[in-house]
Amino acid sequence: MDEAVVAADVTKRYGETVALDGVDLSVADGEVFGLIGPNGAGKTTLVRALTGTTAVDGEIAVEGNAPTAVDPDRIGLLPQSFSPPARLTARELIDYYGGLYETARETDEILSTVGLAEDADSYYETLSGGQQRRVCVGIALVNDPEVLFLDEPTTGIDPAGRRSLWSVLETLADGGTTILLTSHSMAEVQRLSDRVGLLQAGRLVAVGTP
Ligand code: ADP
């Protein structure tokens, strides 16, 4: 099976702090990989490294390219803290972010993929936390990515909102999208992931099925 994401001996230091300490990881095309670990373990740093938003030592390939060289149309990212302009509607936000790419998916199609067809014309600031996060997932999907990075996609969302987001992600996974997600929810990684990696103090200490 082809590898969508490969990291070899990835190390990141912030001064004295070793955020990533020789991480080796590979995620196959179409796989859902869940990354768990306590606060400060290095999960966000690893997502940033894999998406080219922080420079690290070691080798990383995403769809066969360095993270900064991979075609941006092929990658989607939902950062841990992401607040789009609150005084735009869900539809306006999807339109706006879609406009940043050469080609984008149809706004209505994305709105229905993330279950927001009914609330498309509501302002972001009036949506519930779960609906807001679904808008953010929709934004991460505007370029129809082959590989999707989701940093704590459901943190702070109530159980019903979380379950509805899980079904959105399951649909994407069933459609063949490769997903790497970080989470503090064991239920989430168990339900969604083909494989789970446990990161602790910058080291990937265990990898296996949920
Ligand atoms: P996690 O996402 O698992 O909570 P992080 O990747 O955010 O962990 O952080 C890993 C370690 O790197 C922590 O010790 C954190 O304090 C440190 N760190 C992360 N980002 C920075 C930064 N920009 N500057 C300095 N230290 C950082």
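1. A residue counts as partly exposed when its relative accessible area lies between the 20% under which it is buried and the 50% over which it is exposed. In this predicted model, Tyr96 has a relative accessible area of 45% and is therefore partly exposed.

2. Two aromatic pairs are present in the structure. In one of them, the ring centres of Phe82 and Tyr97 are 5.9 Å apart and the planes meet at 70°, so the arrangement is edge-to-face. Phe82 belongs to the loop between β5 (75-78) and α2 (90-98), whereas Tyr97 sits in helix α2; the pair therefore ties together parts 15 residues apart in sequence.

3. Phe82 is partly exposed at 23% relative accessible area, while Tyr97, at 15%, counts as buried. The rings of Tyr96 and Tyr97 also pair edge-to-face, because their centres are 5.0 Å apart and their planes stand at 85°. Phe82, Tyr96 and Tyr97 together make up one aromatic cluster.

4. The largest nonpolar core comprises 35 residues, and those with the most contacts inside it are Val135, Val137, Leu148, Leu150, Ile179 and Leu181. Elements giving two or more residues to this core include β3 (32-36), α4 (129-140), β6 (147-151) and β7 (178-182). Helix α5 supplies the largest share, 6 residues.

5. Beyond its neighbours within four places in sequence, Leu181 is in contact with Val32, Phe33, Gly34, Leu35, Leu150, Glu188, Val189 and Leu192.

6. In soluble globular proteins, nonpolar side chains tend to be buried together.

Notes. Residues numbered from 1 in each chain as written. Predicted model: local features only at pLDDT ≥ 70, side-chain atom pairs only at ≥ 80, totals over all residues. Heavy atoms only, no water. Phe/Tyr/Trp six-rings, centres within 6.5 Å; stacked < 30°, edge-to-face > 60°. Helix = DSSP H or I, 4+ residues; strand = E, 2+ residues; numbered from the N terminus. Buried < 20%, exposed > 50% of the residue type's maximum accessible area, 1.4 Å probe, protein only. Core = buried A, V, L, I, M, F, W, Y, C linked by side-chain atoms within 4.5 Å. Contact = heavy atoms within 4.5 Å.
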